[in-house]
Amino acid sequence: MSLNNPFDPNTELSACNCGRHASQAEHDLAETEALNQRVIQSTVMRALFPKDEERRHFLRTVGVSTAWAAISSLIPFGALEAMAQEKGSLEKKDLKVGFIPITCASPLIMADPLGFYKKEGLNVTMMKTAGWALIRDKTMNREYDAAQMLAPMPLAISMGVGSNAMPTNVMTIQNVNGQAIILANKHKNNRDPKNWKGFKFAIPFEFSIHNLLLRYYLAEHGINPDTDVQLRVVAPPEMVANLRAGNIDGFLGPDPVNQRAVYDELGFIHILSRDIWDGHPCCSFSIPTDFIKQNPNTFAALYRAILKSAAMARDPKNRSIMAEVLAPANYLNQPKAVLDQVLTGKFADGLGNVVNVPERVDYDPFPWYSMAYWILTQMKRWGYVKGDVRYKDIAEKVYLLTDARKYMSELGMNPPKENLRKVKVMGKEFDPAKAEAYANSFAIRKA
Amino acid sequence: MSSRLALRAGLISLLLFLLFIGTWSVATRPVEATDHGADAEYAALMGKGVDKASGFPPPAKVGEAFVTYLSDPFYDNGPNDKGIGIQLGHSLIRVGIGFLLAVAVALPLGFAIGMSPLLFQAFNPFIQILKPISPLAWMPLALYSLKDSDISGIFVIFICSLWPMLINTAFGVASVRKDWINVARTLEVGPLRKAFQVILPAAAPTILTGMRISMGIAWLVIVAAEMLVGGTGIGYFVWNEWNNLALPNVIFAVAMIGLVGMILDQCFGVLQKLVTYRE
């Protein structure tokens, strides 16, 4: 297991020493596994034949392959190897993970067909769920061990806003960007938000980044989201059906729902959510705090699996294959053509243009505290939380930034060094150090 | 004479069916795609030229769904994609458990209420208030307090099948002919024997009617409950296909729901015939 000198002109960095593996890391992994296998096999053989002479005699008389077949029929070498590979024994192996059939869930879904959960010794069942309230209830009822949640949900659940309080943690952000404002085709010539009084919009959940971004966007254009328009909670998969039925004028929804509305010629993409805040968090991979305390090793294994999957999903090269894997009924149940447009960022906008935005969705898993800060300022602005908000305490309690950083560096994913960063939302800077002042700076807010 | 009548009725049924399919296919004729003048790349991204489900599906499409799903009813592609047979099985098990629980409560209670005017008066206000509540309105409460979506589904079935059975049992028991009870009394029949050998057979047709109504309602409710809670079952299947706006599959599921509902109803019809008597 040598490390190639990257400054040596004679070594090939992409391949390994023996040339059979794509990279040195993979070569090392294969070597470790082979070593592991040998150690287990010799331990077993030593136990079966305390005297080495007997072992050699036995092998000579029956032949190696017969001996191997006879012994492996008695001793589960595979299982022993799997056990030896575990870094600390797993407290719980059979897990149920809830998800909503949207592309935000790609990393946690892809970890299943790619075998990332299996590799960690976890047996994960992916549970498709009908809506966010149900995800919350099933997680709180412990029907699910972990679940995809909208980034604001763990904050709200931990604070006991909109439900009983239950400490819940964000392990990783599932995706940044990847949402859009969709309007019904009849509004093609009504693109100025100032004229949107009386519109009915669908949002996926009260405690969603969609709700907060749409409110922000409308308020920046002088529309009061509480009094001038109607915001309805509609589960993402039902948004297109509602748009078709004419129940709503538009929505700020997740993909592939947005692209599906275009594909079915019902609406058009007014703007992408990255035009409001480039790099906004959307969904998260969340887990009850109790579960972490009771199952620390399982928690660590889960962390490695979803981070590996996130790293895979970030790579633009993988996007087209992802579309193929995610399309069947067991996962997203959507046409591949729609998923392709969402994931590759080359899409029809519903107005007759082909748009190319490779950054349409990204799967950066790092849970910045500043994301939680911004969400809390908006929850305060719109009256979901009252009184003083302890931004720092809540963010640090709910978003597991230090753990994410630790596991990301273990996997060589280069996590950021800072915990907070300034962001721009529609051109206006948000400085997390001045969160309270920011929350109070808006003219349009809940009275 | 009656067989000729059945034949003629069957012929008319068939004609009606053909008329229905005919109207349906005429109404869903494929319209010529209007050319928007957009470039080819845009058209490709919009799925032009490929077989895209838009608008109401014609009968042929729905027929395809029937063939696909019925040719392999028990496949299992993981927790979120199972064959129609497995889904129906899940729904039937839920309905079965909820219904049997309701029987276990409604029959004894109905007997007691039917035999005692005092209890009847005492229970009546509660029954009258609880009866008209939509079973689905119980769902959030059940989810919150039972803390399990599967049990909540069964609870909803239980609560919706309880009332018709309870009311019918009470009514059936209360309206057993007084003569028969008096005869039993003169023969000095014990109370248990009176309940099982006089009242039960006399009230059985009414009780069975209650059960039949309950089962009908339970089957209606399970679909809605599963759409709400998801996971498995025919209701979940409908929801999953609705998400994909795959109307042929939804229509197929709707037809299956109707078919299974009819079979359930027929079963109770047979049972009802068995216990019916002539005075």
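Predicted model: local features only at pLDDT ≥ 70, side-chain atom pairs only at ≥ 80, totals over all residues.

Residues are numbered from 1 along each chain as its sequence is written, chains are lettered from A and ligands numbered from 1 in the order written, and side-chain values use heavy atoms, leaving out hydrogens and water.

**Stop 1: a sheet in chain A**

Select strands S2, S1, S3, S11 and S4 of chain A, in that order: they make an open sheet with mixed pairing. (Strands are DSSP runs of E, at least two residues, and helices are runs of H or I, at least four, numbered from the N terminus; two strands pair if DSSP finds at least two bridges between them.) S2 (123-128) and S4 (168-173) of chain A each have a single partner strand, so one side of each has no neighbour in the sheet. On average, neighbouring strands here are turned by 30 degrees against each other, direction ignored. (Axes are lines fitted to C-alpha atoms, for helices over the stretch in contact, and angles run from 0 to 180 degrees between N-to-C directions.)

Zoom in on S3 (146-150) and S11 (283-288) of chain A, which run antiparallel and are joined by four bridges. Which residue stands opposite A:Leu150 in S11(A)? That's A:Cys283.

Helix H13 (296-314) of chain A lies across S1, S3, S4 and S11 of chain A, at about 30 degrees to S4(A).

**Stop 2: another sheet**

Next, pick S8, S7, S9, S6 and S10 of chain A, the order of another open, mixed sheet. Its edge strands are S8 (230-233) and S10 (267-272) of chain A. S7 (200-203) and S9 (250-254) of chain A pair in the parallel sense over two bridges, with A:Ala202 partnering A:Phe251.

**Stop 3: where the chains meet**

Finally, show both chains: 33 residues of chain B and 39 of chain A take part in the contact. Together they bury about 3,000 Å², 50% of it on carbon and sulfur atoms. (Buried area is the accessible area, with a 1.4 Å probe, that two parts lose on being put together, summed over both.) Select B:Tyr42, B:Leu45 and B:Leu245, which lose the most area in chain B. Helix H10 (234-243) of chain B gives the most to its side, with six residues.

How values were computed: Contact = heavy atoms within 4.5 Å.
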